[in-house]
Amino acid sequence: MGAMTRPRISARISAISESATLAVDARAKAMKAAGRPVIGFGAGEPDFPTPDYIVEAAIEASRNPRFHKYTPAGGLPELKQAIADKTLRDSGFQVDASQVLVTNGGKQAVYEAFATLLDPGDEVLVIAPYWTTYPEAIKLAGGVQVDVVTDETTGYLASLEQLEEKLTDRTKVLLFVSPSNPTGAVYTPAQVEEIGRWALDKGLWVVTDEIYEHLVYGDAVFSSIATAVPELRERVVVLNGVAKTYAMTGWRVGWLVGPSDVVKAATNLQSHATSNVANVSQAAALAAVTGDLSAVARMREAFDRRRQTMVRMLNEIPGVLCPEPLGAFYAYPSVKALLGRELRGRRPQTSAELAELILEEAEVALVPGEAFGTPGYFRLSYALGDDDLVEGVSRVAKLLGEAH
């Protein structure tokens, strides 16, 4: 093959799909800018501003000449220590500051965890529906994703039998996420321990994403698999960040906590990929993780109210079935009963086609289940203002009410 006929883009990068959630959000914003009254349920982003004291810490930091220079690639020493302290406070998991790597948002932590753990052909058990970034990070690392598919009948919780069924001699990692994006499912402490023990018995690594740890509702409680099964500590990597807890999605600070050898290797990777996270953002994150949790308590109250409203309204729509989400800020209703029915002269056969129709006809943006590995569903974020939420779901209800 001559140089002229070689593909311009590498196969590895061509295989990555665009983030569906960000694409839906961008399209909704573009329609809005063009003057259409679009309501977006797409992006997983709190509608609150970052708390003032965090912003003040960032302004202060930007005046400090120390932060105008390179700092250690793995994170500011004081932030790493604060994250270790916070991990003990919130997860009950005791780690040393040297076991923390500060990353450019939670996504970099996800990517680096898989890049550090996987060799080509290694399998990762991924409970579906899953967040859109996990498959791409696993694929980039040469890993093979094995889906463990859950549905609304169990509230999107995976059983040990299902995990066992997908286990092979190539399985290296279990990806465990509770509270879950996109479903809002939360495993009970007993279930978390049971799954952790199983992973330990099978000699697996566990990568656990705890970014929604503080967003649980009703009687649900967050339980860290790292604490539930202390013997896992040499084989568990905890991912987290400030984005959701402190309404800091745009600041881009996440972290990875794990065994020293994994953290050292991931830090080497980051030293070449990006070097240190922006120092001003790290200073803001330091103020966040060392402060109290009153900001998240206020947000959680609002999210809980919106959650109840959204779930009630969705379940009132004929053909829509929405289990109660107990964590994060998403509802994940099944719309399978509506597919193939006539709506405004069309017959959407997939949730992607139905989402497209809803965007055009009702001017409401939601993300179809195709993006999360389970067609036939929608993900709606309830991290938006109460009035918009009611108006948006009402528009969807009115439109879907016409299906026949």
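Reader: How many bridges join β11 to strand β12?
Author: Two bridges join them, and the strands run antiparallel; β12 covers residues 378-381. Strands here are DSSP runs of E with at least two residues, helices are runs of H or I with at least four, and both are numbered from the N terminus. Two strands pair if DSSP finds at least two bridges between them. This is a predicted model, in which local features need pLDDT of at least 70 and side-chain atom pairs count only at pLDDT 80 or more, while totals for chains, interfaces and linings use all residues. Residues are numbered from 1 along each chain as its sequence is written, and side-chain values use heavy atoms, with hydrogens and water left out.
Reader: Which residue of β12 does V367 stand opposite?
Author: V367 faces R379.
Reader: In what order do the strands of the open sheet come?
Author: The order of the three strands is β9-β12-β11, with antiparallel pairing. β9 (330-331) and β11 (367-368) are at the edges with a single partner strand each, so one side of each has no neighbour in the sheet.
Reader: Turning to α2, which of its residues are buried?
Author: They are T21, V24, D25, A28 and M31, where buried means under 20% relative accessible area with a 1.4 Å probe, protein chains only. Seen down the axis of α2, they fall within an arc of 125°, so they line one face of the helix; the arc is taken from the directions from the helix axis to the C-beta atoms.
Reader: What do they pack against?
Author: The buried residues of α2 pack against α13, β10 (364-365), β11 and β12, contact being heavy atoms within 4.5 Å.

Technical notes:
Buried means under 20% relative accessible area, exposed over 50%, partly exposed in between (1.4 Å probe, protein chains only).
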